[in-house]
Amino acid sequence: KAFRSENSRYGFYAASYDAVTEVEAFLQEASGEAFSEALHDLYVSFQEFSKDPSDTVNQNLVVQKASLFLTREQNLYKGLSNYQSTINTKIKDDVTRINDLAKQIHDLNLKIERIEAGKTETAMDLRDQRDWAVDELSKLANITCTETIEGVYHIKLEEKDFIDDFNIYPIGLHTDTVTGFVT
């Protein structure tokens, strides 16, 4: 139980760390110059321009810094858009995997319950398979797992019923028709 709880927590922090690292990488360009520096340079050029708007040097500096800023901004936008698409695909894959694991756990629950119904046999191999699937599920989502007297696992995912004696309540995906992103 403790392992699964910590595994869920690890999965959350690992995903958060990966996202922050990825966005941080987009904000740093290959030369190491930060995106914020281009914004700062643009701000400074406008300060110089405000001192003497008729000076062509100041005008050209604003145009040059604005052009550089827009180029970096467009590259950042493309990178973040690609990353958003990657995350969208990962979400779809993870939800599909979570639902597949739920079906596998539910099927194993039924087999274990059937074998152990007479209280003479134990389905240790099936229990090991189910435990492995639950452990994998705990990497993907915040779950709580309880075992009934019949040997069936009831699983709550994010405090909502997910697997019980008779049902699986799979995660649904809704794709936005405008953006193509899933909820």
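Helices here are DSSP runs of H or I with at least four residues, numbered from the N terminus. The model is predicted: local features need pLDDT of at least 70, side-chain atom pairs count only at pLDDT 80 or more, and totals for chains, interfaces and linings use all residues. Residues are numbered from 1 along each chain as its sequence is written, and side-chain values use heavy atoms, without hydrogens and water.

Start with helix H3, residues 56-116. The expected span of a helix is 1.5 Å times one less than its number of residues. Aspartate 55 caps the N-terminal end of H3. One of its side-chain oxygens is 3.1 Å from the backbone nitrogen of valine 57.

Now the packing. Helix H1 (residues 2-27) and H3 have axes that come within 9 Å and cross at roughly 160 degrees. That makes H1 roughly antiparallel to H3 (angles over 145 degrees). Helix H2 (residues 35-51) also comes within 9 Å of H3, axis to axis, and crosses at roughly 160 degrees. H2 and H3 are therefore roughly antiparallel too.

The charged end of arginine 130 sits over the ring of tyrosine 153, 3.6 Å from its centre. The criterion is CZ of Arg, or NZ of Lys, within 6 Å of the ring centre and within 35 degrees of the ring normal.

Key. Helices (H or I, at least four residues) and strands (E, at least two) are DSSP runs, numbered from the N terminus. A polar contact is a pair of N or O atoms within 3.5 Å; within protein, one must be able to donate a hydrogen and the other to accept it, and residues adjacent in sequence count only if both atoms are side-chain atoms. Axes are lines fitted to C-alpha atoms, for helices over the stretch in contact, and angles run from 0 to 180 degrees between N-to-C directions. Angles under 35 degrees count as roughly parallel, over 145 as roughly antiparallel, 65 to 115 as roughly perpendicular and the rest as oblique.
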